[in-house]
Amino acid sequence: MEGKTNPITPAGYAAMKARYDHLLGKERPEIVEIVSWAAGNGDRSENGDYLYGRKRMREIDRELGHLARRMKAARVIVPSDQPDKSRAFFGATVTLADEDDNEKTVTLVGDDEQDASAGRIGWSSPLARALKGAGVGDLRTVRLPGGEREWEIVSIDYA
């Protein structure tokens, strides 16, 4: 799974595609219209609508290119299709406990859909790399910026 492939859940891919479609089908045409209108108003060097519109269009085009490359490299993986549900692999929701029995639940998702505040951690993050292949009861040590932490896997679920 390393290299050029980009594992992603079906929901993550759908969100990425929706963002691409919104930019291409709605936002970019609106900006093109504003820029065309502003260009017809004469002096472009002092025209805020024209200058902002051109800048925004470049931002949209850059994001469209980025999304297109990510979607092309994406490999949609359905977590519930995982054959070995006793181990933590892509798409697993894993409950962990630290030395003080503080529990934390994380879901291993693609790097494009990670959101730490929602408990979704990217597949190539240090915690996800440490959890790959772990089973319930295993201890895993994770090197984080604040130092090393040891976690015990309490449960593994594939929704």
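Colleague: Which residue takes a positive phi in the hairpin of β3 and β4?

Modeller: Asp-101 does, with a phi near 60°, and the hairpin has five residues between the strands. Mind that this is a predicted model: local features need pLDDT of at least 70, side-chain atom pairs count only at pLDDT 80 or more, and totals for chains, interfaces and linings use all residues. Residues are numbered from 1 along each chain as its sequence is written, and side-chain values use heavy atoms, with hydrogens and water left out.

Colleague: How many bridges join β3 to β4?

Modeller: Five, and the two strands run antiparallel. Ala-97 stands opposite Glu-103 in β4. Strands here are DSSP E runs of at least two residues, helices are H or I runs of at least four, both numbered from the N terminus, and two strands pair if DSSP finds at least two bridges between them.

Colleague: And which way does β3 pair with β7, parallel or antiparallel?

Modeller: Antiparallel, again over five bridges. There, Thr-93 stands opposite Asp-157 in β7.

Colleague: What's the strand order in the open sheet?

Modeller: β5-β4-β3-β7-β6, five strands with mixed pairing. β5 (120-122) and β6 (139-144) are at the edges with a single partner strand each, so one side of each has no neighbour in the sheet.

Colleague: What about β4 with β5, parallel or antiparallel?

Modeller: Parallel, over three bridges, with β4 covering residues 103-109. Val-109 has Gly-122 in β5 as its bridge partner.

Colleague: Back to β3: how many of its residues are buried?

Modeller: Four of its five. Buried means under 20% relative accessible area, with exposed over 50% and partly exposed in between, using a 1.4 Å probe and protein chains only.

Colleague: Which residues have the most contacts inside the largest nonpolar core?

Modeller: Val-94, Leu-96, Val-106, Leu-108, Leu-127, Leu-131 and Ile-153, in a core of 20 residues. A core here is a set of buried Ala, Val, Leu, Ile, Met, Phe, Trp, Tyr and Cys residues joined through side-chain atoms within 4.5 Å. β3 (93-97), β4, α3 (126-131) and β7 (147-157) each supply at least two of its residues, and α3 gives the most, with four.

Colleague: Switching to helices: at what angle do α1 and α2 cross?

Modeller: Roughly 155°, and the axes of α1 (residues 10-39) and α2 (residues 48-73) come within 9 Å. That makes the two roughly antiparallel. Axes are lines fitted to C-alpha atoms, for helices over the stretch in contact, and angles run from 0 to 180 degrees between N-to-C directions; under 35 degrees counts as roughly parallel, over 145 as roughly antiparallel, 65 to 115 as roughly perpendicular and the rest as oblique.
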